[in-house]
Amino acid sequence: AMAYFLERFEGLTSFNIDDIEKCYRLARHQIPGNPNDKVNMGIKGGFLMEAEEKKDSKKAWNLTASGEKVVEDNFVLSK
């Protein structure tokens, strides 16, 4: 959901860990102890992928089509 927000509403073509942490603060949610682990879980699930280029000299990611669809389908995973 954070990645979707960043791409759709903030207009970012890719995002890094700083952007994700900013989203948690904006949403008034506590930042997870290891946000990179959450990103890695998104990659393993096929919802995120590594961007071709770094952003602000940090690893960056993009939302995949699957990640976009799961958000738009209210987090209902298709079988």
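## Lysine 55 and its partner

The side chains of lysine 55 and aspartate 19 are joined by a polar contact of 2.7 Å. A polar contact is a pair of N or O atoms within 3.5 Å; within protein, one must be able to donate a hydrogen and the other to accept it, and residues adjacent in sequence count only if both atoms are side-chain atoms. This is a predicted model, in which local features need pLDDT of at least 70, side-chain atom pairs count only at pLDDT 80 or more, and totals for chains, interfaces and linings use all residues. Residues are numbered from 1 along each chain as its sequence is written, and side-chain values use heavy atoms, with hydrogens and water left out.

Lysine 55 sits in the loop between strand 1 (48–50) and strand 2 (61–63). Strands (E, at least two residues) and helices (H or I, at least four) are DSSP runs, numbered from the N terminus. Lysine 55 counts as buried because its relative accessibility is 19%. Buried means under 20% relative accessible area (1.4 Å probe, protein chains only), exposed over 50%, and partly exposed in between.

## Asparagine 16

Asparagine 16 lies in the loop between helix 1 and helix 2. Its relative accessibility is 1%, so asparagine 16 counts as buried. It caps the N-terminal end of helix 2: a side-chain oxygen lies 3.0 Å from the backbone nitrogen of aspartate 18. A polar atom of the asparagine 16 side chain also lies 3.1 Å from the backbone oxygen of lysine 55.

Neighbours within four places in sequence aside, asparagine 16 is in contact (heavy atoms within 4.5 Å) with Lys55, Asp56, Lys58, Lys59, Ala60 and Trp61.

## Helix 2

Which residues of helix 2 are buried? They are Ile17, Asp19, Ile20, Cys23 and Tyr24. They lie on the same side of helix 2, because they cover an arc of only 160 degrees around the axis. The arc is that of the directions from the helix axis to the C-beta atoms. These buried residues pack against helix 1, helix 3 (35–44) and strand 2.

After helix 2 comes arginine 28, with a positive phi near 60 degrees.

## Aromatic pairs

The whole structure holds three aromatic pairs. Rings of Phe, Tyr and Trp (its six-membered ring) pair if their centres lie within 6.5 Å; planes under 30 degrees apart count as stacked, over 60 as edge-to-face and the rest as tilted. Phenylalanine 15 and tryptophan 61 form a tilted pair, 6.4 Å centre to centre with 45 degrees between the planes. Phenylalanine 15 is in the loop between helix 1 (2–8) and helix 2 (17–26) and tryptophan 61 in strand 2, so the pair ties together parts 46 residues apart in sequence. Both phenylalanine 15 and tryptophan 61 are buried.

Tyr4, Phe5 and Phe9 form one aromatic cluster.
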